[in-house]
Each structure stands twice: as structure tokens, then as C-alpha cells.
Amino acid sequence: MRNWSLKKKIGMGALALFVVLCIVAAIVVPLEFCIRLGEESEWMWSPEQEFSVEYAAGTLRKDPDKDFVIVNFTDTQAYLPSDFDSVGKIYKTMKKVIDETNPDLITLTGDQAWFPPTRQSYAKLAKVLDRFGIPWTFVFGNHDHQGNADLNYLIEVAQKSKYCLIDKGPRNVMGVGNCFINVVEKQPNGQDKIVHTLIMLDSGNSGYDYTEEQTYYDETPLTEEDIVTINVNASSLSMSKALKDCTMDFNGYPYLKEISKEDEKGNQITPRVKVGTSYSAIDYSQIAWYEWVLKGVEKTNIDNGFTLNSMPESTCLFHIPLNEYYDAYKEWLTAIRDNNVEKVNLMQAEGRMRMLEGVASATINTGMFAKMKELGSTKNVIVGHDHINDFSLVYQGIRLTYGVKTGNKCYWTEDGSMNGGTKLTISAGGKATTLKQVYVDDYKK
């Protein structure tokens, strides 16, 4: 009788505890996952505004006798904070790349997280990256806003990190997180000179429809016959030396879905190709701000007495590729088709050189690449977004690079051979001398 009474009391107590926990969960969980909105930037920018290095999100010092190394990760796309745990593919990949490259700065080019708990995922990411004791920064992708915090709040989460260098940027420039970081190097006269500038841009998200007049078309796309010729030429002795370790596999060649169609009479035709999809492009306000930053950095160097090579080299990092990524890859393939070994060598292909999906840029070209060429500062552009593209090519004097996707979230190559990071080396005087794709091939181990 006593045992029954004791069991009854224990059972009633457990039931009461369960009810209390359910009530607490019903209150806490909605509060935990409700959308948090951050404060907008107080900075209202204008092109006439006087530049100051104080606007930089950070300043990093380069040892004149050593290379400055940047390692980039992209499209980690964490569903949950636990995706960044040390037992997972994302962390293991990051650690192996960092151990191999020993970077001075870590960058991430968008889609760090998506789905409901984004702010918790960002907090976990910050904790994970802070363990390395290396400065880090990031740009947003087209998925980071799809969770329980807006972009302003996510920056506020990241700013609690000990090592994160990030700023919300001007409120009246399109996007959130447009910022820049200067790398300085002490000169023989004892003064610091800005030798390299990293410009981080929010390239926006999706759902943009542009008019026919704004849409960027390739009027002379490659054909199936071109692909046959490319495969033949790629295996020749002279071309194979130029291609080195490039993987040439056109079974899933993205242009093939657009070419060799039939007209109403059944005749084969080669229609023009629409370049890009319904993603956003770098905005005109961002282009103007980009120019203001670089000219401001140049003036700062001049004011400090560095009149020679006053405009430093720069690197741009954002998420969604430019239309010119399509143009660069097509030009490279065309050079192979034409057996132009000299041209192939000039484009300095790096990485396994795969494009297993089309370039998902915007269909509009707002002129960002043209502005880069005009100013002559930017020599490297690193993006993410297209998870199973990993090519890097020098196109019209600027290296356009797809960062290697990091980890196994969202979609990825089934064999895991496109997992890792990207290493950019900045040597004496701030010149970006080498870019290297770093692959972690023990992906499934």
C-alpha cells in the first residue's frame, strides 16, 4: 500500500514537471525563435563626404618581411548551430585549411547560415572562428536573411566576437555590411602605408526581374561542335601542359541546356543565351561607394607622403558572381577551342576548373567590373553562391575566382571533391601574388 502511494506521488510529480516544462517550452521557444531586428547604421554617406580611415571596419598590419595570407570559406549554409560543431564537416574542413595555410585573416563570402535559427548559428560560428585566434570578416549571401534575425542583427551578433572585423556600412548604400579593411605596412621612413584594401560588398538576394533592355545576352554562345573540339584540343600535348591539373569534364556542361535547339521546322538553331537568373546585381550606389573608398585610400597615402604607387591593390569579396564570370569562362574555353595556348596561359587557370552549373549572376550588368578596370586597383574578386563551380581565371587583368565551397550543407559535389577554401597571398608592397584553391579531399572519411 505504501509502495503504491509512493509510486503514485512520483508519477504525479513527474507529470507535474512535464506540464511545467511544456509551459516553459511554449513560452521560451517562440521567444527564442522570433525574428530579431537590429539597429540600422547611423552612417549616411555621400560621394562628397571627406574620406577617413576611421570608416574602415579594421586595420591589419603586414610584416614587411613576410607574406600576408587570406583564406576564404564560402557557403557553409548551416541549418542549425550544431552544424558548426567540431565533429562536423564544416569545422573539420576549416581547421584543415587553416592548419595548411596559416592565414592572417579569414573571410567568408556569404550564406554562412539559413533557416530559422540564424542568429544562434552566427553566434556559434563566431565562437568557432574565435578559437583560431585569427581576425575574420564576412559578407552576406542571398540566404542569410532567411531566419530569425535581420542582417543588421546578425552583424550585431558577430560584433560580440573578439576577432571579427565587420561594420554595417552606410545606411543609404544598398545592402548591409558594405565595409572595407586596410592592410598597412611600415615603410623605411617608419610610417605606415596602406598597401592593400579589402572591400566587402553585400550582393543582395533573389527575386529580381529586369526588363528586356536591361538583360545581358550572349549572342554567340558555344555549340555542341565547339565542345567536341575543346575536348580534343584539351588532350593535346601543348594544351595539356597549359591546363596542368584542370579537370575537363563536359558531361554536365551548363551551356548545353541553352544551345542546339530546334526551330518550328525542326532545324537546329543556336539561340542567344541569357546570362544569369533572377538574382540581384551590385547596385549603382555600391559602385559609387567603392570608388569613393579607393580614391580616399589613395588620397590618404598621398597625404602621408607616399606619392608613388599611392593607389594600393585591392580585393573585392561578395557572394553573387558578376556576369563577367560567364564571359571569362567562355573566353577560356574559346581559347582551348582555337588551340590558343598563349591565351590559355595568360588566363592562369587555377583550381580544378569545373563549372557544373550555370553562372547564377543577375541578368543585368550594372558596370561593377568596368569600374574595377577603370580604377585599376582591384586585381582579385572572390565570390561564392554557385556551390559546384570552382574556377579561377584572369580576365582582362582581374582574377575572377569562385571560392571553394566549405562543408556538406545544402548541395555539393557528390564525390566531395569540391570542398575546402581559397588562399590569397599578399606579398611585398601589398601585391596579391598568388591565389590557390585548397581542397580537402578526405571529405567522406
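Which residue stands opposite Ser392 in β14?

Residues are numbered from 1 along each chain as its sequence is written, and side-chain values use heavy atoms, leaving out hydrogens and water.

First, confidence. The chain has a mean pLDDT (the predictor's confidence in each residue, from 0 to 100) of 90, and 87% of its residues reach 70 or more. Over residues 24–29, though, the pLDDT is below 50, and beyond near neighbours in sequence this stretch has one contact (heavy atoms within 4.5 Å). Where pLDDT is low, the predicted coordinates should not be read in detail.

Now the sheet. Seven strands form an open sheet with mixed pairing, in the order β1-β5-β6-β11-β12-β14-β13. Strands here are DSSP runs of E, at least two residues, and helices are runs of H or I, at least four, numbered from the N terminus; two strands pair if DSSP finds at least two bridges between them. β1 (58–62) and β13 (392–395) are the edges: each has a single partner strand, so one side of each has no neighbour in the sheet.

Back to our opening: β13 pairs with β14 (residues 398–402) in the antiparallel sense over four bridges, and the residue opposite Ser392 is Thr401.

Finally, helix α8 (residues 324–337) packs on the sheet, touching β12, β13 and β14. Its direction makes about 90 degrees with that of β13, using lines fitted to C-alpha atoms, for helices over the stretch in contact, with angles from 0 to 180 degrees between N-to-C directions.

Key:
Predicted model: local features only at pLDDT ≥ 70, side-chain atom pairs only at ≥ 80, totals over all residues.
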